[in-house]
2 protein chains.
Amino acid sequence: MSQYTLHCFAQSGNAYKVAFYLQAAGLPWTPRWVDYFKAGETRAAAWREQVSEMGEVPVLEHGGRRYSQSGAILTWLAEHTGHFAPEGAEERYEALRWLLWDNHKFTSYYATLRFLVGLQKSGESPVTEFLRMRAQAAFAVADKHFEAKPFVLGAKPSIADFSLAGYAFYDEETGMDWAAYPALSAWRERMRALPGWVHPYALMPGHPLPA
Amino acid sequence: MSQYTLHCFAQSGNAYKVAFYLQAAGLPWTPRWVDYFKAGETRAAAWREQVSEMGEVPVLEHGGRRYSQSGAILTWLAEHTGHFAPEGAEERYEALRWLLWDNHKFTSYYATLRFLVGLQKSGESPVTEFLRMRAQAAFAVADKHFEAKPFVLGAKPSIADFSLAGYAFYDEETGMDWAAYPALSAWRERMRALPGWVHPYALMPGHPLPA
């Protein structure tokens, strides 16, 4: 039996942050598919009461407990398994800083843009234009950072990299030009080259979506 | 001389998270005004190179070091001063979870909505409608949480409450109806009643904006 059960679905890059981490760390885990699109499982009262009051994926089960929020799950996993853990107080601060920034500025806008344009096929609108401008600003900050460092904290990948990588490998159109961010793109290739890397659609259940 | 210098400006609720915390904790601090609106100081290359590569406020200076990202600053302050610190591993996890959620879902949409509608006087648009719908969903999650608990972690306020309170006291119009979230509104009054509470425009420099 797996030590870890991950409530997830293939299209969720926030779930992929944890799935990719577990895979790269070589930890035994089992996915538990969440029917987000058709049944709206995360929005149901039962989910909110029993699994996550925030109504979100991923949720990790381990030792009879449930953990939610990808950044908190990654921090907890690093503390408890040692894999991809920041070393020392300074690195711990730096990892937390980037986890928060990822949630606020990087994943958030890019993931929503990809949801609207890539999955819902919304077409262009003032909202997608707004999200893309914000995503571009965040990509530029990350690109500048990776000009100086191969991974967020330096020479080695850490939980902060897995957080930033949540939506980096999906292929849907978003109108973002990764080639315009060469250092960020090179970091993405370093993440793809990590042992254990699997594309999110192959790693988590629920792809393709039913027509 | 103050132990803490906070780079901030009156209109930044993300800076207020830390300013309000320092005030309520009774820690000696001095504001250092950042010219965000006119000179665009946080977007300048010098700021990005010397203060915060993320181009953000707040930045806290202490002991010759600079700390950025409000959620990381609050976590660090709690660890180093003990004020409003989560107690034990379980509370630390819970505080981190809400700090991340605040950055991703609560502050982020509401702060941007207030920036557009309240400060820029943008009027209504598909973007403000999008942001308001997201803010309403986040307000509902917080409201439900505060039906069961007076503060995020329970009986006592913690750093997670200061994070959520960043934009709670600004008076600009946002089109959000706080009265529709009675438990969240009651929590806001509990935060306002904390010793040391001061309105953000009285606590940080730069209000009012020049016409």
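This is a predicted model: local features need pLDDT of at least 70, side-chain atom pairs count only at pLDDT 80 or more; totals for chains, interfaces and linings use all residues.
Domain 1 of chain A puts 15 residues into the contact, and domain 2 of chain A puts in 14. On the domain 1 side, show α1 (13-25) and α3 (70-81) of chain A; each of these helices supplies at least two of the residues that touch domain 2 of chain A. Which element gives the largest share of that side? It is α1(A), with six residues. Colour the domain 1 side by residue class: seven residues are nonpolar, seven are polar and one is charged.

Now move to the helix pair. Select helix α4, residues 88-119, in chain A and also in chain B. The two helix axes come within 8 Å and cross at roughly 35 degrees. The crossing of α4(A) and α4(B) is right-handed.

Show side chains at the contact of the two helices. From α4(A), pick A:Leu99, A:Leu100, A:Asn103, A:His104 and A:Ser108. From α4(B), pick B:Leu99, B:Leu100, B:Asn103, B:His104 and B:Ser108. How many of the residues in the contact of α4(A) with α4(B) are nonpolar, polar or charged? Four are nonpolar, six are polar and none is charged.

Key:
Residues are numbered from 1 along each chain as its sequence is written. Chains are lettered from A and ligands numbered from 1 in the order in which they are written. Two residues are in contact if their C-beta atoms, placed from the backbone, lie within 7 Å. Helices (H or I, at least four residues) and strands (E, at least two) are DSSP runs, numbered from the N terminus. Ala, Val, Leu, Ile, Met, Phe, Trp, Tyr, Cys and Pro count as nonpolar, Asp, Glu, Lys and Arg as charged, and the others, Gly among them, as polar. Axes are lines fitted to C-alpha atoms, for helices over the stretch in contact, and angles run from 0 to 180 degrees between N-to-C directions. A crossing is left-handed if the near helix is turned anticlockwise from the far one by less than a right angle, and right-handed if clockwise.
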